[in-house]
Every structure is written in C-alpha cells, then in structure tokens.
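Colleague: Could you take me through a single part of this model, slowly and closely? I would like to know which way its residues face and what lies around them.

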Amino acid sequence: MTMKEDIQPKKKPEKTTISISGETSERLELYCKANGILRKDFVSLALDYFERTGFDLKSNALDYSPLEKIIGELKEVKATMQTSNEGTEAVRQLLQTVREQTAKQLPTPELIAHAAEEKAKAEAKSEEQEREIARLRSENSALQEYKEKAHQELCRVRDEQKTFGKIHVNTEL
C-alpha cells in the first residue's frame with residue numbers, strides 16, 4: 001500500500017446489519033410499535049442517549065452518591081435542629097423554675113437582678129436559636145428540593161435504562 005491509500009478513508013457500506021437473538025428481536029419490534037419508531041431509529045436514538053449521558057453499560061449500576069450525600073446533610077440538619085430544640089427547652093424550664101421561685105418568696109434585689117440577667121441571656125439565646133433554626137429550615141428546604149430533583153433524574157435514568165434493556169433488532173435478511 002502507498003501512503004496515499006493509507007490517508008484516504010475506506011468506503012463504508014451505507015447500511016449494515018447487526019445480529020441479535022430472536023427473542024430480543026421480538027421485544028424490539030413490540031417496543032418500536034408501542035412507541036411509533038422504526039427499529040433502525042431506535043438503535044440510533046439509544047446510541048445518541050448513551051453518548052450524551054456517558055452512561056456505562058458495562059458497569060450497569062446507578063451512581064447514588066449525590067443522593068447519599070444529600071441524605072447525610074439532611075441528617076446533620078435534623079441533629080442540629082434537635083440540639084437547638086433541647087437547648088430551648090432547657091432555657092424554658094429554667095425560666096419556669098425562676099418564675100415559680102420568685103412567686104413563692106419575696107424577691108430580694110440580688111435575686112431580681114440575677115433573674116433579669118438570666119432572662120436577658122435566655123431571650124438572647126432563644127433569638128439566636130430561632131435565627132439558626134430559620135436558617136437551617138431554609139437550607140433544609142433547598143436540600144430537599146435538590147434531593148427531589150436528583151431522585152427524579154435517577155428515576156428517569158433508571159426508566160430509560162429499563163427501556164434500552166429491551167432492545168430488539170431483526171437479524172434476518
């Protein structure tokens with residue numbers, strides 16, 4: 001062969017055939033009829049899909065790591081919110097105890113000053129916790145929305161995989 005022959009592309013046939021089992025051919029025929037497409041178009045569409053998504057048929061597994069990350073973050077948010085609620089409840093109980101004790105006895109100036117100081121601290125902490133809870137709820141909402149979108153995409157990919165797993169191609173000439 002000369003260099004010129006190596007450079008020129010070889011002519012490929014306009015059409016070719018692929019070999020599949022009879023059962024697969026029947027399944028492909030049913031799928032194509034149900035979806036109103038030709039068998040040759042199905043093969044082209046499937047190839048386009050796999051090239052576009054980069055899905056690896058050899059591994060045949062979905063990557064759930066983004067969803068697992070979101071679940072982990074939601075668990076952290078839940079734990080933080082529970083901790084915040086426990087702190088708020090402890091402050092409420094302390095305030096109730098202080099109120100009960102002050103009602104039982106005549107307040108002394110030191111007790112009044114101490115109670116006022118504790119009340120101010122408790123209210124400041126309560127406000128801080130309410131802001132933190134609001135921030136966490138907002139973050140939780142955003143994460144939940146992301147989780148739902150990720151779940152929908154994973155379900156869509158799973159359904160497309162099931163669909164493409166049912167490919168039939170007629171091998172008879």
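Modeller: Start with the buried residues of helix α2: they are T24, S25, L28 and C32. They share one side of α2, because they cover an arc of only 100° around the axis. Now turn to the other side of α2. There, E23, E26, L30, K33 and A34 are exposed.

Among the elements of the protein, α2 has the highest mean pLDDT, 93. Helix α1 (residues 3-7) has the lowest, 55. Where pLDDT is low, the predicted coordinates should not be read in detail. For the protein as a whole, the mean pLDDT is 79, and 78% of the residues reach 70 or more.

Next, check the length of α2. The helix runs over residues 22-35, which makes 14 residues.

What covers the buried residues of α2? Part of the cover is α3 (39-53).

Is F42 buried or exposed? Its relative accessibility is 2%, so F42 counts as buried. Compare its position with Y31. F42 and Y31 are 11 residues apart along the chain, and their C-alpha atoms are separated by 9.2 Å.

For contrast, look along helix α5 (residues 109-164) at some charged pairs. K121 and E117 form a salt bridge, with the closest N and O atoms 3.3 Å apart. They are four residues apart in α5, so about one helical turn separates them. E117 is partly exposed, at 43% relative accessible area. K119 and E123 also form a salt bridge, with 4.0 Å between the closest N and O atoms. They too lie in α5, four residues apart. An α-helix has 3.6 residues a turn, so residues three or four places apart point the same way.

E153 and R156 show the three-residue spacing in α5. Their side chains meet in a salt bridge at 2.2 Å, N to O. E153 is partly exposed at 37%, and R156 is partly exposed at 31%. Finally, E132, R135 and E139 are linked in a network of salt bridges.

Technical notes: Residues numbered from 1 in each chain as written. Predicted model: local features only at pLDDT ≥ 70, side-chain atom pairs only at ≥ 80, totals over all residues. Heavy atoms only, no water. Helix = DSSP H or I, 4+ residues; strand = E, 2+ residues; numbered from the N terminus. Expected span 1.5 Å × (residues − 1). Buried < 20%, exposed > 50% of the residue type's maximum accessible area, 1.4 Å probe, protein only. Arc of directions from axis to C-beta. Contact = heavy atoms within 4.5 Å. pLDDT = per-residue confidence, 0-100.
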